[in-house]
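Please keep the structure in view while reading.

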Amino acid sequence: MAPHLLSFVFVLLVIAAAACVRGSSGCPTLDRDALLAFRSALSEKRLGIFSSWTGDDCCSQWYGVSCDPTTGRVADISLRGESEDPIISPSGRSRGLMYGRISPEICRLDRLTTLILADWKQISGPIPPCLTSLSFLSILDLVGNRLSGPIPNDIGNLSRLTVLNVANNQISGSIPTSILALSSLRHLDLSNNQISGPIPGDFGNLHMLSRALLSRNRISGSIPSSVGHMTRLADLDLAHNRISGEIPGSLGSVPVLSSLYLDSNRLTGEIPTALLSSRGLGILNLSRNAVEGDIPDVFGSHTYYTALDLSYNQLRGPVPKTLVTAAFVGHLDLSHNHLCGPIPTGSRFDHLEAASFANNDCLCGGPLPVCK
């Protein structure tokens with residue numbers, strides 16, 4: 001057969017294959033079948049979001065589903081149980097309840113880039129391990145359900161993932177080391193689960209990460225010093241875990257770190273000088289640990305704390321005199337330590353109440369009783 005005839009036959013075969021895959025209105029039949037199988041494992045009656053999932057055109061007629069205009073394949077599933085969308089919430093904010101599980105059939109949508117199945121409260125069962133085969137997946141948001149079991153061990157296969165949010169579930173197991181392969185990850189939220197074990201030592205390899213929210217779990221071990229190498233990290237929340245050891249001084253070198261929550265852990269040692277002198281840090285909570293030593297006297301005109309909480313520790317010595325030179329100190333809590341001596345006077349302290357300094361060894365002066 002002549003080469004040009006071979007090319008013509010090939011084109012005809014491609015067109016025929018496409019016709020078999022797509023429905024009459026352009027929605028791929030295989031994708032539509034996968035969506036229906038996904039929908040069959042779920043039940044939602046309050047908002048009725050699945051009432052539109054009828055007919056052949058899943059690309060433009062089915063609520064929460066959209067397709068890639070170039071390939072025609074299903075690219076996004078975005079279903080939120082707490083919505084301000086006027087289509088499902090004409091009278092304002094509504095809340096839905098969805099029961100069931102995430103069917104592995106969803107993994108047949110091999111061009112999926114976004115999967116948002118959030119805030120439905122009652123979706124249970126595991127995260128399907130096959131989700132890690134969806135190589136185009138960029139956003140995985142399953143917050144606010146009752147999902148259980150571990151994070152899939154090979155989550156690192158999702159090389160395009162920028163958002164991983166499984167907060168407010170019942171996820172257990174440890175943080176998979178393969179997570180370190182997510183070189184595009186920008187937002188990580190594992191908070192309020194039952195995750196245990198240590199933070200992977202090379203966590204700092206996630207160079208694109210800007211938010212790491214891991215609070216209210218059962219995470220143990222120490223804070224990896226590699227976190228200090230994360231040049232884009234703005235928010236780090238490790239509060240309410242079982243983390244021990246000293247606070248890495250390298251945290252003070254993270255250039256854009258603005259909020260750091262380490263409260264309610266088992267941290268020991270002294271507060272790193274570099275941390276308190278960080279120019280970008282605006283919220284620092286080290287309360288309810290076993291941190292000791294003096295509070296570094298390193299504040300100055302660059303200091304701008306909306307909240308600084310060092311309460312319920314074993315800190316000693318005086319209240320740093322340089323605090324009065326700070327550009328701004330909003331909420332300050334130094335209570336329940338072993339501090340002693342006169343409280344510095346200045347406009348930065350005028351708005352503070354006695355509770356900010358209560359239950360120390362021998363602090364005195366406004367707003368506490370006058371020094372003798």
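**Overall composition of the chain**

Among the contacts in the chain with a separation of 6 or more, 50% are made by residues 24 or more positions apart. The model examined here is predicted. Its chain has three helices and 27 strands. Of the 372 residues in the chain, 49% are buried. The accessible surface of the chain comes to about 16700 Å², and carbon and sulfur atoms contribute 53% of that area.

One part of this strand arrangement is an open sheet of four strands, ordered β22-β24-β26-β27, in which the pairing is parallel. Strands β22 (292-294) and β27 (362-364) form the edges, each pairing on one side only. From one strand to the next, the twist averages 30°.

Side chains of opposite charge can pair when their charged atoms come close. With a nitrogen-to-oxygen cut-off of 4 Å, the count comes to six salt bridges. One of them is formed by the side chains of D31 and R73, with an N to O distance of 2.9 Å. This pair links distant parts of the chain, since D31 lies in helix α2 (residues 29-40) and R73 in the loop between β2 (65-67) and β3 (74-80), 42 residues apart. D31 has a relative accessible area of 1% and is therefore buried, the limit for that class being under 20%.

A second salt bridge joins the side chains of R80 and D141 at 3.1 Å, N to O. Because R80 lies in strand β3 and D141 in strand β9 (residues 139-141), the pair ties together parts that are 61 residues apart in sequence. The two partners fall into separate accessibility classes: R80, at 33% relative accessibility, counts as partly exposed, whereas D141, at 7%, counts as buried.

The side chains of E105 and R108 also meet in a salt bridge, with an N to O distance of 2.5 Å. Here E105 is partly exposed at 31% relative accessibility, and R108 is partly exposed at 38%.

How values were computed:
Residues are numbered from 1 along each chain as its sequence is written. This is a predicted model: local features need pLDDT of at least 70, side-chain atom pairs count only at pLDDT 80 or more; totals for chains, interfaces and linings use all residues. Side-chain values use heavy atoms; hydrogens and water are left out. Two strands pair if DSSP finds at least two bridges between them. Helices (H or I, at least four residues) and strands (E, at least two) are DSSP runs, numbered from the N terminus. Axes are lines fitted to C-alpha atoms, for helices over the stretch in contact, and angles run from 0 to 180 degrees between N-to-C directions. Buried means under 20% relative accessible area, exposed over 50%, partly exposed in between (1.4 Å probe, protein chains only). Contact means heavy atoms within 4.5 Å. Accessible areas come from the Shrake-Rupley method with a 1.4 Å probe; for residues, only the protein chains shown count as cover.
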